[in-house]
Amino acid sequence: MLKILFVGLVWPEPTSSAAGWRILHLIRLFSRHYEVHFASAAGKSEYSFDLKNIGVNEHAIQLNDSSFDDFIRQLSPTIVIFDRFMVEEQYGWRVAEHCPDALRILDTEDLHFVRLARQEAFKKGAPLNFDTDVAKREIAAILRSDLSLIISKTEMGLLVDSFAVSPERLFYLPFQEEKLQDIHLGILPTFEQRKDFVFIGNFVHEPNWRTVEILKHKIWPEIRKKEPHAELHIFGAYASEKVFQLHKPKEGFFIKGRAEDARQTIANYKVLLAPIPFGAGTKGKLVDAMYAGTPSVSSNIGVESMYDNQDWAGFVEDDVLPFVQKSVDLYRNAEVWKEKQEIGFQLFNHIYADTSSSEILLSLIREILEDIVMFRKSNFIGKILMHQYLQSTKYMSLWIEAKNKNLS
């Protein structure tokens, strides 16, 4: 069986973040056809998924260390998938040098430069600026890779139209879920069995913290005036002290910390609130809400590229007062709530449980592997970038490695 190596920024934590859930989807997809290996220089946490339980070979590797060169030569994978552009920067040149025939795939998760540019614009009240070092680094990593997986159609369009990335080097791959069946829908709590509002998000992720700030200071006080007995429960992994300082039970604002099962947790609530001010990619919390049958109220950034702009599984509002009113309408009106829940089920099955993208990806990879030399010929800019990058990064890495040995 051919081998595929995932090089992870961290060990997957599917209960902590959508990124962890995404990488696990990919691992399971490729395990149907390849011998799967996963390597990371990060330490494991108690929440790291036990990949060995699903037949994946685990490897601990080191940054800026030639031991990776020996490892990749001995493993000799057919495909290497880099988990985010920072990982491609660290290991891409080593794979190209010591395993040149391996297909190099970058899983972007979301476009980091887009999220960070929006974050800066939000903080400073300034125009959006993509001319940043992070943008140059991330797009260079995309151009060096044979193929990049993109989770958002908006980001696909941005790369092609604004940065002249060849469409044949990009592949749109949304979350790949299993279709919702009647048996699942039948056991979900009903409108009458649910109560309160919810938000969920990993607090390592800056947009989630900013969203909670907006909820605490702008949205929730207004909802509370209209629904004085309702509560808002905030869930999320890696909540810091500044997050827990917002815990105000008397105001109905509760910081709950990590949810062991995000979807089961969300299913107990009537409405998910997500006034996300900036970000990129596809929001896993909104996919989870659809699965849980919980309508949501979010922002245009929040739902970007997640539906066809006609019907959402809840409401989309950017301004505080309309956001509050739609949230209360959903909370009170069973008929509207059930209509939006049904739209969520349809969106989930139509977009996120459409596994045809996975099959097309596997077919495309087989096609590329049949003549990878020819496929790479059309990517001359990528070759130039790899040549320059290999030289500069190689010697920087060797210098760091030598320095570390001297210190030890």
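Which residues of helix 13 are buried? Before the reply, a note that this is a predicted model. The buried residues in helix 13 are Trp337, Lys340, Gln341, Ile343, Gly344, Phe345, Leu347, Phe348, Asn349, Ile351 and Tyr352. As for what they pack against, the partners are strand 7, helix 7, helix 10, helix 11, strand 13 and helix 12. Helix 13 itself runs over residues 334-352, which is 19 residues. From first C-alpha to last it reaches 26 Å, close to the 27 Å expected at 1.5 Å a residue. At its start, a side-chain oxygen of Asn333 comes to within 3.0 Å of the backbone nitrogen of Glu335.

Ser327 lies in helix 12, residues 320-332. Its relative accessibility is 0%, so Ser327 counts as buried. The Ser327 side chain reaches the backbone oxygen of Phe323 at 2.7 Å. Leaving out residues up to four places away in sequence, Ser327 touches Phe197, Ile223, Val271, Leu273 and Val297.

Now to the other end of the numbering, and helix 1. Helix 1 covers residues 18-30, and at 1.5 Å a residue its 13 residues should span 18 Å; the end C-alpha atoms are 19 Å apart, which agrees. How many of its 13 residues are buried? Ten are, so helix 1 is mostly covered. Among them are Arg22, His25 and Phe30. The cover includes strand 1, strand 2, strand 4, strand 5, strand 6 and helix 14.

Strand 1 holds Gly8. Gly8 is buried, with a relative accessible area of 6%. Setting aside neighbours within four places in sequence, Gly8 is in contact with Phe38, Ala39, Ser40, Ala41, Asp83 and Val87. For a sense of distance, Gly8 and Glu335 are 45 Å apart, C-alpha to C-alpha, and 327 residues apart in sequence.

Between strand 1 and helix 1 there is a loop, and Pro14 lies in it. Pro14 is also buried, at 17% relative accessible area. Beyond four places in sequence, Pro14 touches Gly20, Trp21, Leu24 and Phe49. Tyr47 is 33 residues from Pro14 along the chain, and their C-alpha atoms are separated by 8.3 Å.

Next, charged pairs. The count comes to 21 salt bridges, and I will show a few. Arg94 pairs with Asp69, with the closest N and O atoms 2.7 Å apart. Arg94 lies in helix 3 and Asp69 in helix 2, so the pair ties together parts that are 25 residues apart in sequence. Buried or exposed? Arg94 is buried, at 1% relative accessible area, and Asp69, at 9%, counts as buried as well.

Asp70 forms a salt bridge with Arg73, at 2.4 Å between the closest N and O atoms. Both lie in helix 2, three residues apart, about one turn of the helix. Asp70 is partly exposed at 36%, and Arg73 is partly exposed at 42%.

In the pair of Glu168 and Arg169, the closest atoms are 3.5 Å apart. Here Glu168 is partly exposed at 41%, whereas Arg169 is buried at 4%. There is also a network of salt bridges linking Glu177, Arg263 and Asp288.

Last, the surface. Phe380, Ile381 and Ile384 make a nonpolar patch of about 300 Å². Ile381 lies in helix 16, residues 380-407.

Key: Residues numbered from 1 in each chain as written. Predicted model: local features only at pLDDT ≥ 70, side-chain atom pairs only at ≥ 80, totals over all residues. Heavy atoms only, no water. Patch = residues over 30% accessible without salt bridge, like charges linked within 9 Å, V, L, I, M, F, W, Y side chains within 5 Å. Areas by Shrake-Rupley, 256 points an atom, 1.4 Å probe, with all protein chains shown as cover. Salt bridge = Lys/Arg side-chain N within 4 Å of Asp/Glu carboxyl O. Helix = DSSP H or I, 4+ residues; strand = E, 2+ residues; numbered from the N terminus. Expected span 1.5 Å × (residues − 1). Buried < 20%, exposed > 50% of the residue type's maximum accessible area, 1.4 Å probe, protein only. Contact = heavy atoms within 4.5 Å. Polar contact = N/O pair within 3.5 Å; in protein donor to acceptor, adjacent residues only side chain to side chain.
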